[in-house]
Amino acid sequence: MANNFYYSGVDELFLIKRAGTPEDPFMPIKQELTVKYGKVRLIEIPSFQQGVSVENEDMLVEATTAELSENEYRVNYSTGDVFFNPSQEGKTFSFNFLGIGRVVVPASMIPVKTSDGTELNLQDILDTQGEIGVQIGNALTETENIKSLVTNNQVVTNVDFGSYKESTSTQITEQAEDIKSRGIKVEQFIPNITETEDKWDWRAAILNAVNYAHVNKITKVIFPAKDIIIRQQLEISNLEQTTIEMSKSKITFSSNSSSNQGALSAIIFRNLSDCVVTEAYLDIEVNEQQYNGIQVINSKRTRFIKPKVLNATWVGFSIYDNGEITSEDIVLDDPVLEYCRYGLLEHGLRTVVNRGFISNHWSESLEAKVQGEKPIWTEESKFWDGVIVRGRDWEFNKTVIKDNGQSGIYSGQTVGGSLNGVIIEGNWNKGVDFGATKTDVSSIREVTIDGSCVIRNNRTGDVHLYNTDYVTILPGAIIERTDNTYDDYDKYSQACIILNSDSAHNNISEVIVNQNHPTAAAIFVNDTNTPSKNNIFRNNRINAAVKYKVNANRNVIIDSLDGQFNFKSSVAFEQAVKSVLKQSLQENTGYLGREFLNILVSDDNSFGQLTANKPLRVLKSDGSRQGMTVGELIIDSLTASGKLFIHPNGTLILPQTPSELNGGVWFENGEMKYYAGAGVVKTIATK
């Protein structure tokens, strides 16, 4: 092999080669060429000893580095390629050099048969595919035996040339089809460099490969199966229906570029449509700059399979474009976002996250450990929320979000979203923290937490709704505080579910709420300043010393007594009161025509209201029925003013009082009485 300046393993291929002697001297050549795709190709192979000079008013100088500044160019003395900075694209230069030989194979004489049977010649392809020269160069190496037929500038015979022309044509066709089906490798586009591989910046090679795929409509770009480094922001853009295969690469972003609050991202995917990115693995080399890991901008219907981002000093994975929703239908399958300041910033339309794991592992950080026994997150922290959602109609499915310095999921504005089968636990502020602004309409509304979610042991509350509207927690969801480690620290002694400020029309039904704290309520609803109102709490299964701290006049609390219970009082009932306390909506059993009967419970679980939509009746011991009509109990929709006490074990205790309770039910001298309105007191016989 020849000892070439850049490619030590590549021989020049000549049909005409000069000896450089007085009898056969190198040829002085002056050639004018226009830069296209960042390079030009000289008509002959230039002499390395004499070099190549470029004439232009820009005063360009020759360099040997991979990255070229605006006033530099680089020559490949094996192939005759001259490379330029992208700023020189489209400019025309004059080149002076000594030609030592050239390949003379007219492109118009090389036929190519495409997959559909159409026959073209190589010149046709060159006219439409500027970079096809790379393929030709590979194919022409197969014709190296031609050199044995060419001595002293001897002309190749038609027979010999025809034989090798056919071989070359076949090889080019096969390579073209192979590239279409198998894609191109980034390693095919490594720039001419002199550094050792561990110091390479792969950015230029990746950009060249992506650009080639875009121009030539190649549908797969394959990253190298090794650890690689990029030192400047890499932008992959303008691809359609393309697979970016990164599954065997680990990319380290090692940069000193300035970046404040995520102004710079290590990798940007911009203007992708119907693409798939497989197993992008990105590790940020930590310094004082604030870098995003991966950012998606203005892209549609693109799926990221198993992306992994570590140590982003701002956001690990960002779907964000300067506050505007420009990306739609982005899917993240099995993402892993760890040790990032923020894990994920979602600001798209219909973003879907499946089976993710998001944690910045705050409890493992030196920041937490230096605080000793009671780690307390502060705003100076470098570990914030696991997820921030700002888009519309997003989904998180079977995703684990845990041990983040701030909240598991935070939002200040979002409309339409769902958490399905997620586990949000051990975050050091809230589990779900929705803090909306509100004038007439809340900036956070129509979000659903489904019944397979578990939200537990988040330090300052598991679900926090502030100024939100129409947030629904569906039956079966588990919201619980079972870790008592910080019971004596007020900031960490919070309700499991908190509704603050003007939260309205939120619905929490048949949710399992476990609160182990001795004084913090399971569910707390704000009742001061701008109180929360018109929220519904229906049939929740609560295990807590204090179930609710809720103003029942502004909100609806429905605790169903499904089954048969006895009234407990000093009056001995001869038989249990039934029918009205046992109800099945599905079977329509119990008292005929009843749709529901529930108890509206007070803040301290010692006071309640009967709730019904039909007249309430009591079965007396003689078998007759005593009715209390809707009007007599002043029942309005889901609330009623008939009052009674609730014993902690779920039984009812009617108040003992010597005088009537306005609108209430009470015992007086062994008789059960109620106020029927207009000054009328009625008695219900108990024996």
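Arg538 belongs to strand S46, which spans residues 536–538; strands here are DSSP runs (E, at least two residues), numbered from the N terminus. The model is predicted, so local features need pLDDT of at least 70 and side-chain atom pairs count only at pLDDT 80 or more, while totals for chains, interfaces and linings use all residues. Residues are numbered from 1 along each chain as its sequence is written, and side-chain values use heavy atoms, with hydrogens and water left out.

**Arg538**

- Arg538 is partly exposed because its relative accessible area is 24%; buried means under 20%, exposed over 50%, and partly exposed in between (1.4 Å probe, protein chains only).
- Arg538 and Glu510 are 28 residues apart along the chain, and their C-alpha atoms are separated by 6.2 Å.

**The parallel sheet**

- Strands of a sheet pair through backbone hydrogen bonds, either parallel or antiparallel.
- An open sheet of 12 strands, with parallel pairing, runs in the order S15-S18-S21-S24-S27-S30-S33-S36-S39-S42-S45-S48; two strands pair if DSSP finds at least two bridges between them.
- Its edge strands are S15 (234–237) and S48 (548–549), each of which pairs on one side only.
- Strand S45 (residues 523–525) pairs with S48 in the parallel sense over 2 bridges.
- Ile523 has Tyr548, in S48, as its bridge partner.

**Aromatic rings**

- Rings of Phe, Tyr and Trp (its six-membered ring) pair if their centres lie within 6.5 Å; planes under 30 degrees apart count as stacked, over 60 as edge-to-face and the rest as tilted.
- By this rule, the count is 19 aromatic pairs.
- The pair of Phe93 and Phe95 is edge-to-face, because the ring centres are 6.4 Å apart and the planes lie at 65°.
- Phe93 and Phe95 are both buried.
- A cluster linked by ring pairs consists of Trp362, Trp428, Tyr486, Tyr489 and Tyr492.
- Arg459 lies over the face of Trp428, at 4.6 Å from the ring centre; a charge sits over a ring if NZ of Lys or CZ of Arg is within 6 Å of the ring centre and within 35 degrees of the ring normal.

**Thr399**

- Thr399 is placed in the loop between strand S31 (392–397) and strand S32 (400–402).
- Thr399 counts as buried because its relative accessibility is 0%.
- Between Thr399 and Asn420, which are 21 residues apart in sequence, the C-alpha to C-alpha distance is 8.3 Å.
- Leaving aside neighbours within four places in sequence, Thr399 is in contact with residues including Val353, Asn354, Arg355 and Gly421; contact means heavy atoms within 4.5 Å.

Methods:
Helices (H or I, at least four residues) and strands (E, at least two) are DSSP runs, numbered from the N terminus.
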